[in-house]
Amino acid sequence: ATLAADAIGLDRVLFMPAAQPPHKAGLRVTSATDRLLMTRLAIAGNDGFELTLIELERSGPSYTIDSVVELRRVYGDEADLYLLMAADSLAQIDSWRQPDELLERVEWVVGPRPGVTLPDRSSLNDRFGERASRIHLLDGPSLDVSSTEIRARVAAGHAIRYLVPRGVEELIVDRGLYRRA
């Protein structure tokens, strides 16, 4: 988020925890309340980061296109909105709901992700046509830390210090999250 904010010159970055992540249907997912608290703790102290409850306040699956429509209603047409994602999300974008309409409504900022190569411009042009110019590819450092790895480390009883913010680590420990049953 910081890389994107610096590269694009964003005034602020909104974090939207999903109430019902559609790509995780049928899987065991940490409660929305716990994910909300972890997000709040993770972004605390950064004036450029803000939490929005748009997806948590809406019933049903948390589709990004629905959130973008709501954000546009809240902030109006004059606001420049960008969707931040990592390269692995872009690689799966065709599994998202209405990706072409999503790109029509907001520009995308795609950050690096270890193990995933950013696409070249020609492949973006082939897939998205002239709208490919609305996709900004970021060059910069990426952290080789995933939420899956964090959960696996906790389940195995391994330390996560320095892999997540201290407050998030404390919440995970206090609530016994991700421990094996």
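Predicted model: local features only at pLDDT ≥ 70, side-chain atom pairs only at ≥ 80, totals over all residues.
At 22% relative accessibility, Phe-15 is classed as partly exposed. Two aromatic pairs were identified in total. One of them joins Phe-15 to Phe-49 in an edge-to-face arrangement, with 5.0 Å from centre to centre and 65 degrees between the planes. Because Phe-15 belongs to strand S1 (residues 13-15) and Phe-49 to strand S2 (residues 49-51), this contact ties together parts of the chain that are 34 residues apart in sequence.

Trp-108 and Phe-128 form an aromatic pair as well: their ring centres are 5.4 Å apart and their planes meet at 85 degrees, so the arrangement is edge-to-face. Distant parts of the chain are again linked, as Trp-108 lies in strand S4 (residues 107-111) and Phe-128 in helix H6 (residues 121-128), 20 residues apart. Both Trp-108 and Phe-128 are buried.

The surroundings of Trp-108 were examined next. Strand S4 is mostly covered, with four of its five residues buried. Strand S3 (residues 82-86) runs parallel to S4 and is joined to it by five bridges; Leu-83 has Trp-108 as its bridge partner in S4. Strand S5 (residues 135-137) is also parallel to S4, and three bridges connect these two strands. In S5, Trp-108 is partnered by Ile-135. The chain passes from S4 through H6 to S5, forming a right-handed β-α-β crossover.

A contact between a charged residue and a ring was also found: Arg-97 is placed over the face of Tyr-63, at 3.8 Å from the ring centre.

Methods
Residues numbered from 1 in each chain as written. Heavy atoms only, no water. Phe/Tyr/Trp six-rings, centres within 6.5 Å; stacked < 30°, edge-to-face > 60°. Buried < 20%, exposed > 50% of the residue type's maximum accessible area, 1.4 Å probe, protein only. Lys NZ or Arg CZ within 6 Å of the ring centre and 35° of its normal. Pairing = 2+ DSSP bridges. Right-handed = clockwise from strand over helix to strand, strands pointing away.
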